[in-house]
Amino acid sequence: MIESNIDFCFKDKFTAFKFDETEYYKKYTNGIKEGKGVGFIAFSDKEIVFVEVKNCMGHEKENEYRIHAGNENSFDVEVSQKVNCTLACLTASQTFDEFNKPKCISSEFVRSFNCVVMPNCEISVILYLEGDFNMKTRNKKMIMSALQEKLKNHFKGWLNVQRVKVIDSTVENRYFDAKQM
């Protein structure tokens with residue numbers, strides 16, 4: 001699956017789909033002011049992963065203000081809002097009875113929702129951030145670490161997220177392989 005000029009290949013144990021391109025998501029966000037969703041949802045029997053992709057290669061300067069964790073326009077704030085809206089969308093999709101259920105609600109929506117509400121489901125949030133953001137005072141690893149900590153804090157107390165990661169192409173992960181196109 002391609003997002004932001006990066007080809008993502010999810011590991012075999014996951015079923016993955018481009019959440020923000022589903023028909024139901026597009027209808028749903030029309031009803032929510034500034035409603036947004038994550039790029040991908042991947043799930044297995046006992047785990048769900050929300051993935052947001054930010055490919056800033058060649059556009060680092062205009063995105064520099066977004067790497068400062070905690071400000072209202074930063075990537076951590078945006079990703080947490082997208083996860084929130086994604087969860088709301090998944091939940092809303094399950095409020096219909098069989099006779100009134102919109103045809104655009106896919107089996108992936110149902111299975112994703114079932115995973116989220118399943119006891120002991122592991123929830124992970126991944127921000128995949130590409131770009132050369134090394135600065136005089138902080139290198140990219142420090143920037144990613146600060147964003148990761150702030151992003152974790154957005155979920156404390158209301159969503160049981162086991163893993164929050166901010167990664168790029170230099171970081172191996174258990175969810176997917178990614179290559180720049």
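Residues are numbered from 1 along each chain as its sequence is written, and side-chain values use heavy atoms, with hydrogens and water left out. Because the model is predicted, local features need pLDDT of at least 70 and side-chain atom pairs count only at pLDDT 80 or more, while totals for chains, interfaces and linings use all residues.

**Exercise 1.** State which strands form the open sheet of three strands, and which are its edges.

Step 1. Helices (H or I, at least four residues) and strands (E, at least two) are DSSP runs, numbered from the N terminus. Two strands pair if DSSP finds at least two bridges between them.

Step 2. The order in the open sheet is S1-S2-S8, and the pairing is antiparallel.

Step 3. Strand S1 (2-3) and strand S8 (176-180) each pair on one side only, which makes them the edge strands.

Step 4. S1 and strand S2 (residues 6-10) are joined by two bridges. Glu3 has Ile6 in S2 as its bridge partner.

**Exercise 2.** Work out whether strand S5 is buried or exposed, and name its neighbours.

Step 1. Buried means under 20% relative accessible area, exposed over 50%, and partly exposed in between (1.4 Å probe, protein chains only).

Step 2. In S5 (residues 47-55), nine of the nine residues are buried, so the strand is largely enclosed by the rest of the structure.

Step 3. In a regular strand the side chains alternate between the two faces of the sheet. For S5, one side holds Glu47, Val49, Val51, Val53 and Asn55, the other holds Ile48, Phe50, Glu52 and Lys54, and both faces are covered.

Step 4. Strand S4 (residues 40-43) pairs with S5 in the antiparallel sense over four bridges, and a hairpin of three residues joins the two. Ile41 stands opposite Phe50.

Step 5. Strand S6 (residues 122-130) runs parallel to S5, with nine bridges between them. Val51 has Ile126 in S6 as its bridge partner.

**Exercise 3.** Explain why the buried residues of helix H1 line one face.

Step 1. Tyr24, Tyr25, Tyr28 and Thr29 are the buried residues of H1 (residues 23-30).

Step 2. Seen down the axis of H1, these residues fall within an arc of 125°, so they line one face of the helix. The arc is that of the directions from the helix axis to the C-beta atoms.

Step 3. An α-helix has 3.6 residues a turn, so residues three or four places apart point the same way.

Step 4. The cover over the buried residues of H1 includes helix H3 (75-93) and helix H4 (107-117). Contact means heavy atoms within 4.5 Å.
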